[in-house]
Amino acid sequence: MARGGRGRRLGLALGLLLALVLAPRVLRAKPTVRKERVVRPDSELGERPPEDNQSFQYDHEAFLGKEDSKTFDQLTPDESKERLGKIVDRIDNDGDGFVTTEELKTWIKRVQKRYIFDNVAKVWKDYDRDKDDKISWEEYKQATYGYYLGNPAEFHDSSDHHTFKKMLPRDERRFKAADLNGDLTATREEFTAFLHPEEFEHMKEIVVLETLEDIDKNGDGFVDQDEYIADMFSHEENGPEPDWVLSEREQFNEFRDLNKDGKLDKDEIRHWILPQDYDHAQAEARHLVYESDKNKDEKLTKEEILENWNMFVGSQATNYGEDLTKNHDEL
């Protein structure tokens, strides 16, 4: 597999934010490198190759995204270690001097949850135009698509026209799915479900449907192998496929296409992007403990964590820059 032989994928909270809160909406460019959609269970920990700086960065981006990962680049190693030590004290809930997998998982979940709520809070005022602490579909539509709707002639022959024309009904469909009481007005909880559908059980079908629509380029209602690969990788000047692409083709045949008909239906896509009984925070916590546990007692001392600080500063578990300045009672 790519990325140091590990099969871990970017979290859905990062890979499936299909409702980017931009006004006007901007079409995502086709990637020239691998694109990730799903958190996939790890291989056996003991089978992994040693960690390196590249995979540390992968851990970082899997939790925080590329922009937030720059926080680490602004600190010197000494500053990182000092702040990391303070975070370790917070993670150690019972104060026994050890960080267990469960404590680390709890911390990661709290930080992930805070990221989602902060994201919603950051854009809330842009959409709640009448300041009634709710966002109606009309408010969202005007804030996001108002210029397009009011000036259609400007977009008639542009690629943005096709983008807006596609995304407007899709956003409306998602908004209505998040709007549990059907009043076409979103509370903060409903708007959070709209922006982060992968985090809500009643939105999972929307996630599956939007994924299918994104990848199914020929519009037949299925994802064939070439479409599956094209979603992650595009050829540059007809060059050879990287080894990881060949591996992904094997994954498609052996593990994605469950009924072996050469294509993925909605059930198979759901099985792929929303694996059952898989806890991303648990997997990451196990990974961090495994890589840092020198004496193999299945728990970490502060010394063990600081000794492996390069990996930890790249994990959401140690998003120290924000955690040291925020009120943790909010989590």
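This is a predicted model: local features need pLDDT of at least 70, side-chain atom pairs count only at pLDDT 80 or more; totals for chains, interfaces and linings use all residues.
Ring pairs join W124, Y127, W137, Y140, F175, F191 and F194 into one cluster, where two rings of Phe, Tyr or Trp (taken by its six-membered ring) count as a pair if their centres lie within 6.5 Å, and where planes under 30 degrees apart are called stacked, those over 60 edge-to-face and the rest tilted. Residues are numbered from 1 along each chain as its sequence is written, and side-chain values use heavy atoms, with hydrogens and water left out.

The structure holds 17 aromatic pairs. Since Y140 lies in helix α6 and F194 in helix α8, the pair ties together parts that are 54 residues apart in sequence; helices here are DSSP runs of H or I with at least four residues, strands are runs of E with at least two, and both are numbered from the N terminus. Y140 is buried, with a relative accessible area of 0%, and F194 likewise counts as buried at 0% relative accessibility, on a scale where buried means under 20% relative accessible area, exposed over 50% and partly exposed in between, computed with a 1.4 Å probe and protein chains only.

The charged end of R188, in turn, sits over the ring of W124, 4.3 Å from the ring centre.

The largest nonpolar core has 23 residues, of which Y127, I135, Y140, Y145, F191, F194 and L195 touch the most other members; such a core is a set of buried Ala, Val, Leu, Ile, Met, Phe, Trp, Tyr and Cys residues joined through side-chain atoms within 4.5 Å. Helices α5 (101-127), α6 (137-150), α7 (159-178) and α8 (188-195) each supply at least two residues of this core. A second, separate core comprises 19 residues, among them L104, V289, L300 and F312.

Taken as a whole, the chain has 16 helices and six strands, and buried residues make up 48% of its 331 residues. Of the contacts between residues at least 6 apart in sequence, 69% join residues at least 24 apart, a contact being heavy atoms within 4.5 Å. The chain exposes about 16900 Å², of which carbon and sulfur atoms supply 49%, with accessible areas taken from the Shrake-Rupley method with a 1.4 Å probe and, for residues, only the protein chains shown counted as cover.

N259 is placed in the loop between α11 (243-256) and β5 (263-264), where it is partly exposed with a relative accessible area of 44%. Leaving aside neighbours within four places in sequence, N259 is in contact with D265 and E268. D261 is found in the loop between α11 and β5 and counts as partly exposed at 38% relative accessibility.

K260 also lies in the loop between α11 and β5, and this residue has a positive phi of about 60 degrees although it is not a glycine; K260 is exposed, with a relative accessible area of 51%. G262, in the loop between α11 and β5 as well, is partly exposed at 37%. Apart from neighbours within four places in sequence, G262 is in contact with D224, Q225, F252 and D257, and its C-alpha is 8.7 Å from that of V223, a residue 39 places away in sequence.

Within helix α11 itself, R249 is buried, with a relative accessible area of 18%. Beyond neighbours within four places in sequence, R249 is in contact with Q225, D226, I229 and E241.

Technical notes: A charge sits over a ring if NZ of Lys or CZ of Arg is within 6 Å of the ring centre and within 35 degrees of the ring normal.
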